[in-house]
Amino acid sequence: MGGPLQREQGRTFRGYTLHDFGLYDFVVVDAIPRSRAAPRSTLAAMTSHDAPEGSRTAAGGAGPVIRQETPDDHRDVREVHTRAFGDSERVPGLVEALRVAEAALAPMSFVATVDDRVVGHVLLSATRLDAPRRIVDVLSLSPLGVVPEFQRQGIGTQLVAYALAAADSKGVPLVFLEGSPRYYGTRGFEGAGAVGFRSPSLRIPEAAFQVARLSAHEPWMTGTFVYSDVFWAFDCVGLRDPEA
């Protein structure tokens with residue numbers, strides 16, 4: 001995950017970890033071995049505003065191009081997440097499984113390119129909200145990855161903004177994620193529990209459970225967020241405690 005990544009010792013798969021007296025922040029995941037037992041992120045949020053058409057660059061034409069992923073990008077996207085998360089199987093495997101999973105909403109997958117090189121990727125995939133009135137089809141933002149040499153340059157921020165604009169343009173009412181409130185709280189997300197949503201797992205810390213309410217959201221749309229089967233199959237929900 002790109003712009004969101006900050007420094008912290010230890011490696012996680014989702015990009016957030018406990019530290020600073022219970023607050024969350026992102027961790028650098030490129031080359032630092034885990035030096036102590038700590039709760040392990042299992043991945044779910046591994047973790048610029050009209051409907052996105054074509055591609056978008058920063059003001060004045062500078063910076064990365066954000067565009068829809070194509071099949072030709074799949075190998076490069078695998079490399080992005082392998083390098084961003086230090087994991088050649090789990091995160092890339094999650095992406096590949098979510099691309100082909102049957103779902104009510106088609107996945108929305110975007111890449112960031114610099115000089116035609118894929119340096120970042122974000123995926124939105126179908127999930128559900130179990131609301132009192134009915135089931136609501138919503139999206140999860142996960143994963144978000146940027147190769148190490150392009151991190152902390154705002155690429156993650158642009159990918160998140162582009163993804164939210166795309167979801168909004170399709171009439172999706174809500175986008176959920178697990179991740180750093182410091183990062184995502186300034187990029188369209190808010191604490192989900194405080195605005196009427198229930199987490200799908202007790203292993204998801206309250207501060208990490210977040211939602212973006214888009215223009216199609218209505219007040220009755222509250223309830224329990226439900227991940228797709230793929231996230232559970234890859235054990236990509238919440239934090240695991242190796243000492244439990």
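Trainee: Is Arg-117 buried, partly exposed or exposed?
Mentor: The scale for relative accessible area calls a residue buried under 20%, exposed over 50% and partly exposed in between, using a 1.4 Å probe and protein chains only. Arg-117 has 37% relative accessibility, so Arg-117 counts as partly exposed.

Trainee: What should I keep in mind about the model itself?
Mentor: This is a predicted model, in which local features need pLDDT of at least 70, side-chain atom pairs count only at pLDDT 80 or more, and totals for chains, interfaces and linings use all residues. Residues are numbered from 1 along each chain as its sequence is written, and side-chain values use heavy atoms, with hydrogens and water left out.

Trainee: What is the mean pLDDT of the protein?
Mentor: pLDDT is the predictor's confidence in each residue, from 0 to 100. Here 75% of the residues reach 70 or more, and the mean is 81.

Trainee: How many salt bridges does a search of the whole structure find?
Mentor: Side chains of opposite charge can pair when their charged atoms come close. For a salt bridge, a side-chain nitrogen of Lys or Arg must lie within 4 Å of a carboxyl oxygen of Asp or Glu. The search of the whole structure finds nine.

Trainee: Which residue meets Arg-117 in a salt bridge?
Mentor: Arg-117 belongs to strand S6 (residues 117–130), and its partner sits in the loop between S7 and H3, 32 residues apart. Such helices (H or I, at least four residues) and strands (E, at least two) are DSSP runs, numbered from the N terminus. The distance from N to O is 2.6 Å, and the partner is Glu-149.

Trainee: Are Glu-69 and Arg-99 buried or exposed?
Mentor: These two side chains meet in a salt bridge of 2.9 Å, N to O. Glu-69 lies in the loop between strand S4 (65–68) and helix H1 (74–85), while Arg-99 is in helix H2 (residues 90–100), 30 residues apart. Glu-69 has a relative accessible area of 12% and Arg-99 has 19% relative accessibility, so both count as buried.
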